[in-house]
Amino acid sequence: MQKAGKFITFEGIDGAGKSTHIAYVAQALQQRGITVISSREPGGTPLGESLRQILLQEKMHLETEALLMFAVRREHIAQVIEPALQRGDWVISDRFSDASFAYQGGGRKLPLAKLEALEQWVHPHLQPDLTLLFDVPLAVARERLDATRTLDKFEQEQTDFFAGTRAEYLRRAAQFPQRFRIIDSSRAIPEIRKDLDGLIAELLVGEQDE
Ligand code: ADP
Ligand code: TYD
């Protein structure tokens with residue numbers, strides 16, 4: 001029987017280091033014969049990438065921002081995520097709905113009930129099989145961001161915003177312990193990779209026989 005693919009998401013506040021580790025995990029899985037589709041949100045489709053430019057640069061009403069994030073996600077699920085999983089491929093997404101809860105909910109204080117309604121509308125039956133939450137103290141993330149790049153609309157937010165974002169991520173992780181793994185991302189990259197190697201081994205248990 002063809003096994004359906006797995007859906008893995010990477011989450012964390014800006015500067016936590018999640019982008020640094022996505023290619024490592026994708027490559028490790030590919031070396032074991034798995035076809036991996038790497039994608040991201042907001043983005044993942046031509047329409048989503050166009051909307052990403054707007055979302056990351058332009059100020060807008062909070063509800064417009066939340067609705068657009070979920071509109072991008074609807075397209076991403078239809079065009080990329082579901083077809084890949086049905087083919088038996090694995091999907092790694094740099095962010096998914098937990099980011100909307102963390103940023104629009106925890107950061108900007110949109111009531112979580114509104115986000116839950118959007119989540120129920122857009123993907124009532126789809127959740128990641130595994131969500132890696134890269135967690136760091138705010139000061140560490142800020143230092144990493146400041147050292148490296150020109151900051152987008154979200155990255156320019158202040159400490160209170162990221163305190164709310166990080167707290168909501170941790171709340172979601174406690175709410176859904178079966179799919180979340182928290183990675184202490186304040187450590188050095190090789191140490192974090194050792195954790196990731198362990199997780200990859202866990203994910204692959206049973207794959208060979210199916
Ligand atoms: P994110 O995708 O979570 O916003 P990035 O992966 O882009 O974060 O990392 C932000 C910056 O921090 C990059 O310059 C990256 O090289 C650096 N970085 C990432 N992880 C670590 C780490 N564990 N230790 C030190 N620097 C790191
Ligand atoms: P990201 O791809 O992590 O940015 P970068 O390429 O700079 O690492 O994410 C883009 C930004 O969008 C990030 O600041 C978080 C924000 N975001 C939301 O606010 N809500 C969402 O639902 C998603 C998916 C992202």
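Three helices, α1 (18–31), α6 (138–148) and α8 (189–204), each put at least two residues into the shell around ligand 1; helices here are DSSP runs of H or I with at least four residues, numbered from the N terminus. This is a predicted model, where local features need pLDDT of at least 70, side-chain atom pairs need 80 or more, and totals for chains, interfaces and linings use all residues. Residues are numbered from 1 along each chain as its sequence is written, ligands are numbered from 1 in written order, and side-chain values use heavy atoms, without hydrogens or water.

**The shell**
- Ligand 1 has 15 residues around it, with Gly15, Gly17, Ser19, Thr20 and Thr148 the closest (a heavy atom within 4 Å counts as near).
- The top contributor is α1, with three residues.
- Sorted by class, the shell holds four nonpolar, six polar and five charged residues, with Gly counted as polar.

**Polar atoms at ligand 1**
- A backbone N or O atom of Gly17 is 2.8 Å from a ligand oxygen atom.
- Arg187 brings a polar backbone atom to 2.8 Å from a nitrogen atom of ligand 1.
- Arg144 uses its side chain instead: a polar atom there lies 3.3 Å from a ligand nitrogen atom.
- The protein covers 77% of the 560 Å² of accessible area that ligand 1 has on its own (Shrake-Rupley, 1.4 Å probe).

**Gln104**
- Gln104 sits in α4 (residues 97–107).
- Gln104 counts as buried because its relative accessibility is 2%, and the cut-off for buried is under 20%.
- Its side chain makes a 2.7 Å polar contact with that of Glu65 (N or O atoms within 3.5 Å, one able to donate a hydrogen and the other to accept it).

Conventions. Buried < 20%, exposed > 50% of the residue type's maximum accessible area, 1.4 Å probe, protein only.
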